[in-house]
Amino acid sequence: MNYLTEDKLVIVGAAGMIGSNMAQTAIMMRLTPNICLYDPYAPGLEGVAEELLQCGFEGLNLTYTSDIKEALTGAKYIVNSGGAARKAGMTREDLLKGNAAIAEEFGKNVKEYCPDVKHIVVIFNPADITGLITLLWSGLKPSQVSTLAALDSTRLRNELAKWFKIPADNIVNSRTYGGHGEQMAVYASTTSIDGKPLTEIIGTESLPHDEWEKMKVRVIQGGKNIIDLRGRSSFQSPAYLSIEMIAAAMGGQPFRWPVGTYVNNSHFSHIMMAMETKVDANGTTCTPVNGTAEEEAELESSYKHLCKLRDEVIAMGVMPPIDQWSKINPNLDATTC
């Protein structure tokens, strides 16, 4: 049977809704026959494994364990949704303290049990910070760790498609950058609608300025809206997009959306945030983001917000001061973007 790779893929947090959906998506996309499910909640994990095995997939070598060493040993690809879930009334940032500690432990486990891993996707919130913590403690290269920021860009495309009442495929290059949170930068200058630049439409009868501003808020609060509608946080969209990301890293089709990546240059320093990126078999690469003066101001604001969260984590003792990072992971001194 044809698979993208034979390498071991580990789904961390597999007993949860995101994790179980990721596992099924990876199987149905035929990424690899060798999939290991990990979750500390053993009964729920066994239930997910039983359901997947009862699907009758052919050629599948599905394993599951609540032993992190067993799960990670030999892993070449990992997708981690294993943090606490966001609940009604919470922002992504409200999860910071507990999930930061989980990310620290995960990064250290990667370094100990699977230092030869090729790529990791981190999606538990606040993903920019948990991804950064994972990268630091794992010792991996910046190109080897990415986070889920694509969901914000797909939410922008969805809002535009609903507003203009056109197929989503008619909207090209919808983009958000910066943080995956309340301070993200929503760009219009990258986007075209039926071949026409969005910037030429905003402020016209087709899309008045005030409606565009309301749309940006709906994009930023897209996760909150799902919680309000369904009574729980998103799981189908992050599951699918994260598996599409890891498929690209396995050598499949290049990923179509921005991802969270490590950025360290003369302007943005030692941070993980959404940029214009490409994910392929070589990992994640990014290019500088250019926009209007207003958009770049929003990106700067988002960056400063992420720096504040990063500094809170440093104050917690989860990460040391930045000038000590190179002692833990020398790869973080590199200039990116």
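A search of the whole structure, a predicted model, finds two aromatic pairs. Rings of Phe, Tyr and Trp (its six-membered ring) pair if their centres lie within 6.5 Å; planes under 30 degrees apart count as stacked, over 60 as edge-to-face and the rest as tilted. Tyr 177 and Tyr 187 form an edge-to-face pair, with 4.9 Å centre to centre and 90° between the planes. Tyr 177 lies in strand β8 and Tyr 187 in strand β9, so this pair ties together parts that are ten residues apart in sequence. Helices (H or I, at least four residues) and strands (E, at least two) are DSSP runs, numbered from the N terminus. Tyr 177 is buried, at 4% relative accessible area. Tyr 187 is also buried, at 0%. Buried means under 20% relative accessible area, exposed over 50%, and partly exposed in between (1.4 Å probe, protein chains only).

Phe 268 and Tyr 303 form an edge-to-face pair as well, at 4.9 Å centre to centre and 70° between the planes. Phe 268 lies in the loop between β12 (259-263) and β13 (271-280), and Tyr 303 in helix α10, so the pair ties together parts that are 35 residues apart in sequence. Both residues, Phe 268 and Tyr 303, are buried.

Residues are numbered from 1 along each chain as its sequence is written. In this predicted model, local features need pLDDT of at least 70 and side-chain atom pairs count only at pLDDT 80 or more, while totals for chains, interfaces and linings use all residues; side-chain values use heavy atoms, with hydrogens and water left out.

Helix α10 has 24 residues. From first C-alpha to last, α10 reaches 35 Å, close to the 34 Å expected at 1.5 Å a residue. The expected span is 1.5 Å times one less than the number of residues. Buried residues of α10 include Glu 295, Leu 299, Tyr 303, Arg 310 and Ile 314. The buried residues of α10 pack against α4 (96-113), α5 (127-138), β8, β9, β13 and α11 (325-328). Contact means heavy atoms within 4.5 Å. Just after α10, Gly 317 takes a positive phi of about 90°.

Helix α7 has twelve residues and reaches 17 Å, close to the expected 16 Å. Its buried residues are Glu 211, Trp 212, Met 215, Lys 216, Val 219 and Ile 220. They pack against α6, β8 (175-177), β9 (185-187), α8 and α10 (293-316). Glu 213, also in α7, is partly exposed at 38% relative accessibility.

The second largest pocket has a volume of about 500 Å³. Of its 23 lining residues, the closest to the centre are Leu 151, Arg 155, Asn 158, Ile 226 and Ser 237. On a 1 Å grid over the protein atoms alone, a pocket is an open set of points where a 1.4 Å probe fits, with protein on both sides within 12 Å along at least five of seven lines; lining residues have an atom within 4 Å of a point. The volume is the space filled by probe spheres set on the points. α6 (150-164), α7 (209-220), α8 (222-230) and α9 (236-249) each supply at least two lining residues. α6 gives the most, with seven.

The peptide bond from Asn 125 to Pro 126 is cis, with omega near -10°. Pro 126 lies in the loop between β5 (119-122) and α5.
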